[in-house]
Amino acid sequence: MMQDTALDRILMRSGGALLALLWFVPLAYAIWAAFHPAAFEARFDLTAPLTLGNFSAAWQQAPFARYFLNTFLLVAMILAAQLVLCTLAAFAFARLSFPGKSILFALILLQLLVMPDILLVENYKTMRALGLVDSILAIGLPYFASGFAIFLLRQTFMTIPKELDEAARIEGCSLLGVLWRVYVPLGKPAMLAFGLVSVSHHWNNFLWPLIITNSVETRPLTVGLSIFATTDSGTSWAVINAATLMTAAPLLLGFLLFQRQFVQSFMRAGIK
Amino acid sequence: MVKREWIYAWALLLPAFVFLITFTHLPAVQTLINSLYTTPKGRRAAMFTGLGNYQQMLSDPVFLKAMVNSGIYALVTILASILLALAMALLVHRSFRGVGLMRMSFFTPTVLPLIAVANIWLFFYAPGFGLIDQIRVFFGLASANYAGQPDTALYAVAAVTIWKEAGFFMIFFLAALQTVPETLREAAAIEGCSRWTFFRRVTLPLIMPTTLFVSVNAVINAFRLVDHVFVMTKGGPDNASMLLLYYIFETGFRYWDTAYAGALTMVLIAILAAVGIGQFFLADKRVHYR
């Protein structure tokens with residue numbers, strides 16, 4: 001074992017602490033501004049009074065309640081559709097043999113490279129043709145069939161022992177019955193991991209929702225926040241920071257409570 | 001003869017493929033086709049121009065600027081975020097008191113919306129009262145507007161990307177460092193090998209596949225992540241922070257030149273495809289498909 005000298009250890013740890021502190025500064029600065037009156041937004045005085053006034057001001061100045069509802073509906077709809085569609089497809093790829101299997105799978109993998117996020121113009125035309133411009137459904141539709149989810153679930157399903165599958169069939173289970181009783185329960189950890197990634201991705205998504213929505217009734221939080229923050233109505237930085245933290249709060253809280261799951265899910269999502 | 005199993009398989013795939021083809025494959029092909037035509041205007045229908053849109057790019061100063069910027073942006077964000085991610089992983093991969101807090105501090109930016117992050121940083125950069133400017137003034141320097149000056153805007157945007165990405169990449173290096181066998185470390189200690197030599201000769205080669213994988217992700221993100229540009233600079237000032245995807249948005253949805261936007265999208269697809277093919281030939285797949 002290479003012996004760490006005491007000096008080594010001190011250097012490594014103080015270096016780490018310094019970098020960690022530096023990394024936290026932007027967020028800390030925003031938190032400071034959000035919880036203090038505007039007069040203290042850039043003045044660091046430990047005796048400055050704390051306030052929630054910036055949050056209530058932001059809540060009143062823009063329809064954040066509606067934006068929250070829209071985002072919530074959006075991520076729930078996308079996740080539900082993704083889980084159903086991708087579980088079915090992943091099951092076919094993992095356990096059935098049929099002509100065209102490898103070509104179809106290659107088409108799925110292609111989506112990992114050419115994501116709907118960059119096909120903005122054509123997808124906008126499609127939505128216009130379907131009469132769906134400015135609807136929450138239109139924000140979600142391009143993401144319903146996720147190549148990544150199909151890939152992840154297929155990998156998971158392939159590790160499930162075939163004997164379980166065969167036993168269920170001998171018991172008289174139909175194909176969908178096997179999927180529902182054997183594969184779905186055993187695939188839950190993978191689905192949970194994918195769920196966390198999907199929810200945080202679509203909670204944070206901005207460009208496509210910006211293009212396809214143009215009213216309060218459909219706009220998700222990210223788009224609402226960008227409009228709120230850029231209006232030159234003299235909104236103070238303190239209020240903008242409060243709105244910003246509010247937008248990120250649900251994910252941030254979820255992350256603080258379920259750190260391990262978040263980190264592991266993001267890692268699984270990265271390693272495709 | 002068509003087997004029953006085939007029918008089941010195709011039926012299971014059908015719903016996913018309807019969406020996949022409608023919103024990914026068809027639009028991709030349609031983008032290619034439309035990029036060979038002019039944009040229909042009023043009564044004038046789209047006309048075939050062949051590579052006309054692509055020729056227009058070569059003499060379009062904004063496009064050339066966006067390409068140069070995207071290149072600089074990619075290079076800066078990739079190098080900095082990978083080096084920082086590796087440093088972070090090395091600093092926190094042993095457990096000691098407070099390590100959990102450090103990891104949390106590094107990883108938290110990953111879960112924040114990029115658009116929210118942009119607001120936070122804009123405040124951070126704000127001339128006059130932003131923290132960076134306060135520090136400058138404290139040291140007697142002139143006030144500066146990092147996001148609003150042509151020579152710093154691109155780097156101001158890149159810094160945000162690095163801040164957000166480094167912690168995400170760190171978790172892959174952390175996982176890779178766990179796989180470096182303890183026996184190697186012991187052997188190296190017996191040989192009297194220095195910490196730096198061990199890192200260079202043992203650790204670094206062992207985590208090379210992870211580095212490659214992280215690099216590919218960093219390249220893709222460098223072309224995909226533009227949300228913060230909308231809040232911080234809008235591509236300006238004077239196109240100083242114009243990036244390819246942001247230019248596609250402007251062309252397609254501000255000037256409604258959809259054919260030219262299609263041609264620009266094809267450039268982006270070509271870049272992403274090149275990255276994907278490169279990864280396919282370079283990557284040691286066994287490492288990732290455990």
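1. The model is predicted, with local features requiring pLDDT of at least 70 and side-chain atom pairs pLDDT 80 or more, while totals for chains, interfaces and linings use all residues. Residues are numbered from 1 along each chain as written, chains are lettered from A in written order, and side-chain values rest on heavy atoms without hydrogens or water.

2. Taking contact as heavy atoms within 4.5 Å, 90 residues of chain B meet 89 residues of chain A. Together the two chains bury about 8300 Å², of which 79% lies on carbon and sulfur atoms; buried area is the accessible area (1.4 Å probe) lost by two parts on being put together, summed over both. Leu12(B), Phe23(B) and Phe123(B) supply 9% of the area that chain B buries against chain A, more than any other three residues.

3. Helix H1 (residues 4–34) of chain B, a DSSP run of H or I with at least four residues, gives the most to the side of chain B that touches chain A, with 21 residues. By class, that side has 61 nonpolar, 19 polar and 10 charged residues, with Gly counted as polar and Asp, Glu, Lys and Arg as charged.

4. Across this interface the rule finds zero salt bridges, defined as a side-chain nitrogen of Lys or Arg within 4 Å of a carboxyl oxygen of Asp or Glu.

5. An unreviewed UniProt entry annotates "transmembrane region" over spans of chain B that include residues 104–124 and 198–220, although such annotations may be inferred rather than shown by experiment. Residues 104–124 of chain B are 90% helix and 0% strand, with end C-alpha atoms 21 Å apart, whereas residues 198–220 of chain B are 96% helix and 0% strand, with end C-alpha atoms 31 Å apart.

Technical notes. Helices (H or I, at least four residues) and strands (E, at least two) are DSSP runs, numbered from the N terminus.
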